[in-house]
Amino acid sequence: MKVRCALSIAGFDPSGGAGIQADLSTFAAFGVYGLTVVTAVTAQNTVEVKAVHPLPAPLIEAQLEAVFADLPVAAVKTGLLPAEDGIFAVAAEMRKHKVEKLVVDPVMIATTGREFLSPAAVATLKETLLPLAFLVTPNLHEAGVLAEMRVDGPAAMEEAARRIHALGTRNVLIKGGHLEGEPVDLLYDGRDFIRFPGRRLPGPPA
């Protein structure tokens, strides 16, 4: 049986709640063998991000070359890309290896409030990586940054999806977890809008 391989290009989260650790858990749940390329090492937990150390772009590039030289990568997902040169390196490797199934999660701010990307890095992400993406998956805050508008409801989500799609990505999924009331995710393929309603689950007591 042929093994399906997916590559996560993301940061290292020692708490396991995000980054490559979370991606590996998701891949495994769907029977996919997970590969990883680390873009940054963070010191964080479920409460705060204490430090972020971006890895040098040549090291990110070397990791990518090692993976693509030896393993059949069927799909790629990017997460935290905190530095401009790292974004350039990832985009160049995606073009070089003709990656068709590229999912870009534009991680810009941690759940705990820590901002990861500078305005210059956001611009680089929009110019170099989003046009290569099969799917981009921003939350409301990230969609607002990419679309340069406030995104706080269903109508704004639709307009933001149109603007992000115009940047070159083939599909846009805006995650509605930060909406007031019940969450609704919105998928836009350039023609139609599809909504995925959800429900909030209670978390553990503080």
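Tutor: A salt bridge here is a side-chain nitrogen of Lys or Arg within 4 Å of a carboxyl oxygen of Asp or Glu. Keep in mind that this is a predicted model.

Student: Is arginine 150 buried or exposed?
Tutor: Exposed means over 50% relative accessible area. Arginine 150 has 67%, so arginine 150 is exposed.

Student: Which residue forms a salt bridge with lysine 96, and which helix holds that partner?
Tutor: The closest N and O atoms of lysine 96 and its partner, glutamate 65, are 2.9 Å apart. The pair links distant parts of the chain, 31 residues apart. Lysine 96 lies in helix 3 (residues 84-96). Glutamate 65 lies in helix 2 (residues 57-70).

Student: Why does glutamate 65 count as partly exposed?
Tutor: Buried means under 20% and exposed over 50%. Glutamate 65 has 25% relative accessibility, so glutamate 65 counts as partly exposed.

Student: Where do glutamate 159 and arginine 162 lie?
Tutor: Their salt bridge has its closest N and O atoms 3.6 Å apart. The two residues are three residues apart, about one turn of the helix. Both lie in helix 6 (residues 154-165).

Student: Which residues do salt bridges that share partners join into one network?
Tutor: Glutamate 159 and arginine 162 are both in it.

Student: How many salt bridges does the count come to?
Tutor: The rule is a nitrogen within 4 Å of a carboxyl oxygen. By this rule the count is twelve.

Conventions: Residues numbered from 1 in each chain as written. Predicted model: local features only at pLDDT ≥ 70, side-chain atom pairs only at ≥ 80, totals over all residues. Heavy atoms only, no water. Helix = DSSP H or I, 4+ residues; strand = E, 2+ residues; numbered from the N terminus. Buried < 20%, exposed > 50% of the residue type's maximum accessible area, 1.4 Å probe, protein only.
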